[in-house]
Amino acid sequence: MSAVIEHNADAVWALLAGVLDPEIPVLSICDLGIVREVRMGEQVEVVITPTYAGCPAMHVIEQSVREALYAGGYAGARVSTTLTPAWTTDWITAAGRAKLQAYGIAPPGAAHANTAQVIHFKRATPQAVPACPQCGSTHTELLSQFGSTACKALYRCVECREPFDYFKPY
Amino acid sequence: MQAHIAHLEYLLRLGDSSLVLGQRLGEWTGHGPVLEEDIAMANVALDLVGQARLLLTHAAQLEGAGRDEDQLAYFRDARAYRNFSICELPNSGLEKGRTQSGDYAFSIVRNLLYCAYQVQLWQRLSSSNDAQLAGIAAKSLKESTYHLRHAADWTIRFGDGTEESHARAQRALDALWPYTNELFADDAVEQEVAEAGIGVLNESLREDWHAQVVAVLEEATLREPRPSHLLTTGKTGLHSEHLDFLLAEMQVLARAHPGAVW
């Protein structure tokens, strides 16, 4: 049998939309904004960018991309990595944000384009607080700046008392 | 010094510093003072090891001797490591008789001092002529800024906390302060890479670093230590006795089972 493969970038993007993040399995890698480019040469090349430099999920993602493309008829597809421009949570799609919210993870607020300059630390600095993904209240408090994965912080809703993950702006 | 060698040395200094501090902070895993901080330190450690992987991979490519990040990390001895000495100091601090368990104030204050340096450094290196290094710096800046925020928050909490927490934070600061001299002492390596537009003179980072750190110390009611003349030499490969032990633990698996993969 000879499978006729639709050899176009849209078909590859459609396959990639089915590759899920291993840590947040409701989010596809396209939702996350880490697929930067699909190059259609003799062999397909998918360019991805890491979320956090040390994120252990990146290896799994690379492998999943290769498997998905193989299953879709693109044997020998290459996955390469780029660091520039650096990934930001601003690239998480609107659909991705809605999925995070439904999954119980508060989606990230806007990342600051430039994190430069001297940071001033004051105990009472008002910071943008995420809304509780369960009840929607903005009466929430930070429990810990770090959470279950590199990309999350731990919050608690003061209204409904539920703890929840917050996807940190990056 | 040849430009190529200076470039390589510079990348090793940055990569090894991230790696060694990452390994140190990783020692808190399972031993943090509270669960959230256990997780926090492990997360910071993970980010630092991630930076180290990028930097050492770049260094290995530049070296062109067929080595990779793992060979640089696991098969070099202490004398070949180029990390700043401050990164290798034990979590327990430097007082005698306190070698067994960690002192969280010591780790927090070290992170404050070192992450504040990294934030300054990555900002400047984001426009390095070395495009690969610039990419790594722009990425690392986001992470180091977050680490700095964590360290600053806890420094303020400790310093402006109880008598005991204040005393321990101050003791940690006094012990660590002299080790920051090495961060800002430039030698032929930094001069070479700065001239080539690859790196920066560390001395040029000192003023902003100092402003950043002092702002936190003031908020924390901690006293800035007096200047010291101690100049450690980790970045030239001459280390304290602590690095051998750290490397032994980090490298034992790879050396006992060469070629092993996950």
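Analyst: Chain A contains four helices and seven strands. This is a predicted model. Read from the N terminus, the elements of chain A follow the order α-α-β-β-α-β-α-β-β-β-β. Chain A has 170 residues, and 36% of them count as buried. Of the contacts in chain A between residues at least 6 apart in sequence, 54% join residues at least 24 apart.

Two loops of chain A have backbone details worth noting. In the loop between β3 (78-81) and α4 (94-103) of chain A sits Pro85(A). The peptide bond that leads from Thr84(A) to Pro85(A) is cis, and its omega is near -5 degrees. In the loop between β6 (152-157) and β7 (163-167) of chain A is Arg161(A). Arg161(A) has a phi near 70 degrees, which is a positive value in a residue other than glycine. How many other C-beta atoms lie within 10 Å of Arg161(A)? There are 10, so Arg161(A) is exposed.

The part for the close look is the set of helices in chain B, beginning with the side that touches chain A. In the contact between the chains, 32 residues come from chain B and 23 residues from chain A. On the chain B side, the elements giving two or more residues are α2, α6 (131-159) and α10 (206-219) of chain B. Which of them gives the largest share? It is α6(B), with 14 residues. By type, the residues on the side of chain B that touches chain A are 14 nonpolar, nine polar and nine charged.

Helix α6(B) also meets another helix of chain B. Two packed helices are described by the angle between their axes and the distance between the axes. For α6(B) and helix α7 (residues 163-176) of chain B, the axes come within 7 Å and cross at roughly 125 degrees. The two helices α6(B) and α7(B) are therefore oblique to each other. In this contact, Thr155(B), Phe158(B) and Gly159(B) of α6(B) meet Ser165(B), His166(B), Arg168(B) and Ala169(B) of α7(B). The residues of the contact of α6(B) with α7(B) are two nonpolar, four polar and one charged.

Next comes α7(B) by itself. At 1.5 Å a residue, its 14 residues should span 20 Å, and the end C-alpha atoms of α7(B) are 20 Å apart, so the two values agree. Which residues of α7(B) are buried? They are Arg168(B), Ala169(B), Gln170(B), Ala172(B), Leu173(B) and Leu176(B). These buried residues pack against α4 (85-88), α5 and α6 of chain B.

Leu113(B) belongs to helix α5 (residues 104-125) of chain B. Is Leu113(B) buried or exposed? With 24 other C-beta atoms within 10 Å, Leu113(B) is buried, because the cut-off for buried is 20 or more. Leaving out residues up to four places away in sequence, Leu113(B) touches Ile86(B), Leu176(B), Thr180(B) and Val213(B). One of these, Leu176(B), is also among the buried residues of α7(B). Leu113(B) and Val200(B) are 87 residues apart in sequence, and their C-alpha atoms are 18 Å apart in space.

Helix α1 (residues 3-26) of chain B packs against helix α2 (residues 35-63) of chain B at an angle of about 155 degrees, with the axes 7 Å apart. That angle makes α1(B) roughly antiparallel to α2(B). The crossing of α1(B) with α2(B) is left-handed. The residues of this contact of α1(B) with α2(B) are 18 nonpolar, seven polar and one charged. Helix α1(B) has 24 residues and reaches 34 Å from its first C-alpha to its last, close to the 34 Å expected at 1.5 Å a residue. Of those 24 residues, 20 are buried, so α1(B) is largely enclosed by the rest of the structure.

Thr221(B) is in the loop between α10 and α11 (242-256) of chain B. Its phi is near 55 degrees, a positive value in a residue other than glycine. Thr221(B) has 13 C-beta neighbours inside 10 Å, so it counts as partly exposed.

Conventions: Residues numbered from 1 in each chain as written. Chains lettered and ligands numbered in written order. Predicted model: local features only at pLDDT ≥ 70, side-chain atom pairs only at ≥ 80, totals over all residues. Axes fitted to C-alpha atoms, helices over the stretch in contact; angles between N-to-C directions. Parallel < 35°, antiparallel > 145°, perpendicular 65-115°, else oblique. Left-handed = near helix turned anticlockwise from the far one by under 90°. Nonpolar A, V, L, I, M, F, W, Y, C, P; charged D, E, K, R; others polar. Contact = placed C-beta atoms within 7 Å. Expected span 1.5 Å × (residues − 1). Buried ≥ 20, exposed ≤ 12 C-beta atoms within 10 Å, placed from the backbone.
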